[in-house]
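This report goes through one chain, from its overall architecture to two individual positions. Please keep the sequence and the structure in view while reading.

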Amino acid sequence: MTSPDHPTAPAWSHVEEFLRAHEADRIPHPGGTLLAHLTRVAARLADWGTDSAVQTAGLCHAAYGTDGFDGALLALDERATLVELLGDRAEAIVYLYASCGRAAVYPRLGRDEAPLFHDRFTGEDHTPPEEDLRAFLAITAANELDVFIHNAELAARYGAGLYELVSRSRTLLPPLAWKDWQDWHHRQSSST
């Protein structure tokens with residue numbers, strides 16, 4: 001695996017500077033700080049062979065907060081700042097990830113051919129293109145796996161449900177993502 005402290009994408013140094021300027025290196029998160037978590041997620045996405053926009057979005061996936069993490073680094077009216085830093089596609093993936101109303105969306109993933117997404121910011125529903133759905137699922141899988149690896153309590157509480165979501169969505173994930181989840185699940189099963 002790529003070193004979590006030194007991702008390979010050269011543009012990441014500017015993104016990391018931005019994240020530090022917004023105190024991501026001071027926000028507690030399972031496994032250390034939010035910045036450490038974001039860096040590990042991006043590195044895992046690189047290891048899984050996702051494209052650079054997905055990796056960069058993974059590095060900033062919590063910029064607007066998420067349905068599971070309230071702390072936003074930027075307000076939604078500052079999206080242009082992230083577009084300038086990351087580019088249109090990566091920022092759009094960050095927004096899709098952050099805007100996901102998980103209670104409405106997660107039950108549809110891997111069940112509906114074209115799942116309807118509920119935007120928790122606008123209240124609107126939409127169906128993302130498959131490329132965006134794949135990016136969303138890759139970031140979801142990398143994010144949750146990192147959280148579970150670093151927090152046994154959250155893994156015990158939410159691991160089975162997320163494993164089931166990843167399992168039923170695996171055809172849309174990078175193959176190495178499904179393998180990492182299977183390995184994690186096997187270790188969890190063996191330790192209980």
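Helices, as the word is used here, are DSSP runs of H or I with at least four residues, strands are runs of E with at least two, and the elements are numbered from the N terminus. On that basis Arg102 has its place in helix H6, which covers residues 102-105, and His37 has its place in helix H2, which covers residues 34-47.

The model is a predicted one, and its confidence deserves a word before the details. The mean pLDDT of the chain is 92, with 94% of the residues reaching 70 or more. Over residues 1-10, however, the pLDDT is below 50, although this stretch has 15 contacts in the model beyond its near neighbours in sequence. Where pLDDT is low, the predicted coordinates should not be read in detail.

The chain holds nine helices and four strands, and from the N terminus on these elements follow the order α-β-β-α-α-α-α-α-β-β-α-α-α. The radius of gyration is 16 Å, close to the 16 Å given by the globule rule for 192 residues, so the chain is as compact as a globular protein of that length. Along the principal axes, the C-alpha atoms fill a box of roughly 45 × 35 × 30 Å. Among contacts with a separation of 6 or more, residues 24 or more positions apart account for 61%.

As for the surface, the chain exposes about 9100 Å², of which carbon and sulfur atoms supply 51%, while 48% of the 192 residues count as buried. There are 16 positive and 28 negative side chains, and the centres of these two sets lie 7 Å apart.

Are Arg102 and His37 buried or exposed? Because buried means under 20% relative accessible area, Arg102 counts as buried at 16%, and His37 counts as buried at 0%. The table sets out the two positions.

| Residue | Helix | Relative accessibility |
|---|---|---|
| Arg102 | H6 (residues 102-105) | 16% |
| His37 | H2 (residues 34-47) | 0% |

Arg102 touches Thr66, Asp67, Gly68, Tyr97, Pro107, Asn143 and Glu144. His37 touches His29, Pro30, His61, Asn143, Asp146 and Val147.

Key:
Residues are numbered from 1 along each chain as its sequence is written. This is a predicted model: local features need pLDDT of at least 70, side-chain atom pairs count only at pLDDT 80 or more; totals for chains, interfaces and linings use all residues. Side-chain values use heavy atoms; hydrogens and water are left out. pLDDT is the predictor's confidence in each residue, from 0 to 100. Contact means heavy atoms within 4.5 Å. The radius of gyration is taken over C-alpha atoms; the globule rule is 2.2 Å times the number of residues to the power 0.38. Buried means under 20% relative accessible area, exposed over 50%, partly exposed in between (1.4 Å probe, protein chains only). Accessible areas come from the Shrake-Rupley method with a 1.4 Å probe; for residues, only the protein chains shown count as cover. Lys and Arg count as positive and Asp and Glu as negative; His and the chain ends are not counted. The place of a charge is taken as NZ of Lys, CZ of Arg, CG of Asp or CD of Glu. Lists of a residue's contacts leave out its neighbours within four places in sequence.
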